[in-house]
Amino acid sequence: SKKWKVSPSEISLRDGDVISQNDFALMAGPCSIESEEQVDAVIKHLVENNVKIMRGGVYKPRSSPYSFRGLGMDGLKMWYEKAKAAGIKIITEVMQVSQVEEMYDYIDIYQVGARNTQNFNLLDELGKVDKPVMIKRGVSGTIEELLYSAEYVFSGGNEDLILCERGIRTFENMTRNTLDINAIPVLKDKSHLPVVIDPSHGIGIRKHVEPVALAGIMAGADGVIYELHPDPEKAMSDGQQSLYFEESAAMINKMRKAYALR
Ligand code: PEP
Ligand code: MN
């Protein structure tokens, strides 16, 4: 809370990159890591657009057990080798306690997904590691519950935390979720932690991701995490909300301009 710490936290990544309330961070990549070819193509796009952090799931929380659930550690190791060679950092979702140690050597930021925001055993475990953690707001979670989830990790000893507004479930069903713009200024007022938005899951519709991202930046977001894919129509998960590379490049330009205007 800002009562405890007035100055913004700085989350340091290896090689000196920092995520904080004084900076703007972009994290982009596919919903799921699928193949070497896909990873190569995404890394090339990120390098061309000077995006330093790649997102991607290797353990996927899917509504149906019959959907693609990720490549697991083999996929993460393959991705790590390629990312390291290109100087790209990795953020990926950790779903259970045993994966915290398993993933440690291969990642830069642990992502706690919306379905695990209140997995308190997992949060306790992440409190013991010395790597940054990004916690997503629960699907039906309040802002206060997100802050308490962060408090679990923080009080366990890990202060390198990033908060993520990824949309909540509301009565509205024309969109996948409702990105709660209100949460951005409220979280930044209450907390010294960087606040990132996920417009991809926030709205769930490719053509509407950009306006939501821009609105979130103007509302104070310190970063944006979003999904893209070399061939979204063939993506194994969340293709409907994943940007084509051309769309991503255009959005990156606009987001950087919006942040500079703020
Ligand atoms: C994801 O980032 O692909 C994901 C599953 O997100 P969330 O936990 O916000 O649904
Ligand atoms: Mn996804």
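This is a predicted model: local features need pLDDT of at least 70, side-chain atom pairs count only at pLDDT 80 or more; totals for chains, interfaces and linings use all residues.
## Around the ligand

Ligand 1 is surrounded by Cys31, Gly57, Pro61, Gly113, Ala114, Arg115, Lys136, Arg166, Asp198 and His201. Sorted by class, this shell holds three nonpolar, three polar and four charged residues.

## The chain as a whole

How many helices and strands does the protein chain have? Its secondary structure comes to nine helices and 10 strands. A UniProt record, an unreviewed entry, places the feature "domain: DAHP synthetase I/KDSA" at residues 22–254.

Now for the overall size. Along the principal axes, the C-alpha atoms of the protein chain fill a box of roughly 45 × 40 × 40 Å. A compact globule of 262 residues would have a radius of gyration near 18 Å, and the protein chain has 17 Å, so the two agree. Contacts give another view of the fold: of those between residues at least 6 apart in sequence, 67% join residues at least 24 apart.

## Inside the protein

Of the 262 residues in the protein chain, 48% are buried. In soluble globular proteins, nonpolar side chains tend to be buried together. Here the largest nonpolar core has 68 residues, and the members that touch the most others are Leu163, Val196 and Val224. Which helix gives the most to this core? That is helix α5, residues 143–155, with five residues.

Leaving aside neighbours within four places in sequence, Leu163 is in contact with Ile135, Leu146, Ala150, Leu187, Ser191, Leu193 and Val195.

## A loop with two exposed residues

Let us move to the loop between β8 (161–165) and α6 (183–190), where Asn173 has its place. Is Asn173 buried or exposed? Asn173 counts as exposed because it has 8 C-beta neighbours inside 10 Å, and a residue is exposed if that number is 12 or fewer. Asn173 and Thr92 are 81 residues apart in sequence, and their C-alpha atoms are 28 Å apart in space.

Thr170 is also found in the loop between β8 and α6. With 11 other C-beta atoms within 10 Å, Thr170 is exposed. From Thr170 to Val153 there are 17 residues in sequence and 27 Å in space, C-alpha to C-alpha.

Most residues other than glycine have a negative phi. Which value does Asn50 have? Its phi is near 55 degrees, a positive value in a residue other than glycine. Asn50 is found in the loop between α1 (36–48) and β4 (53–55). This residue is exposed, since 9 other C-beta atoms lie within 10 Å.

Asp238 has a phi near 55 degrees as well, again a positive value in a residue other than glycine. The place of Asp238 is in the loop between β10 (223–227) and α9 (245–261). Is Asp238 buried or exposed? Asp238 counts as buried because it has 20 C-beta neighbours inside 10 Å, and 20 or more is what a buried residue needs.

How values were computed: Residues are numbered from 1 along each chain as its sequence is written. Chains are lettered from A and ligands numbered from 1 in the order in which they are written. A residue is near a molecule or strand if its C-beta atom, placed from the backbone, lies within 6 Å of it. Ala, Val, Leu, Ile, Met, Phe, Trp, Tyr, Cys and Pro count as nonpolar, Asp, Glu, Lys and Arg as charged, and the others, Gly among them, as polar. UniProt positions are given in the numbering used here, feature names are shortened, and annotations may be inferred rather than shown by experiment. Helices (H or I, at least four residues) and strands (E, at least two) are DSSP runs, numbered from the N terminus. The radius of gyration is taken over C-alpha atoms; the globule rule is 2.2 Å times the number of residues to the power 0.38. Two residues are in contact if their C-beta atoms, placed from the backbone, lie within 7 Å. A nonpolar core is a set of buried Ala, Val, Leu, Ile, Met, Phe, Trp, Tyr and Cys residues joined through C-beta atoms within 7 Å.
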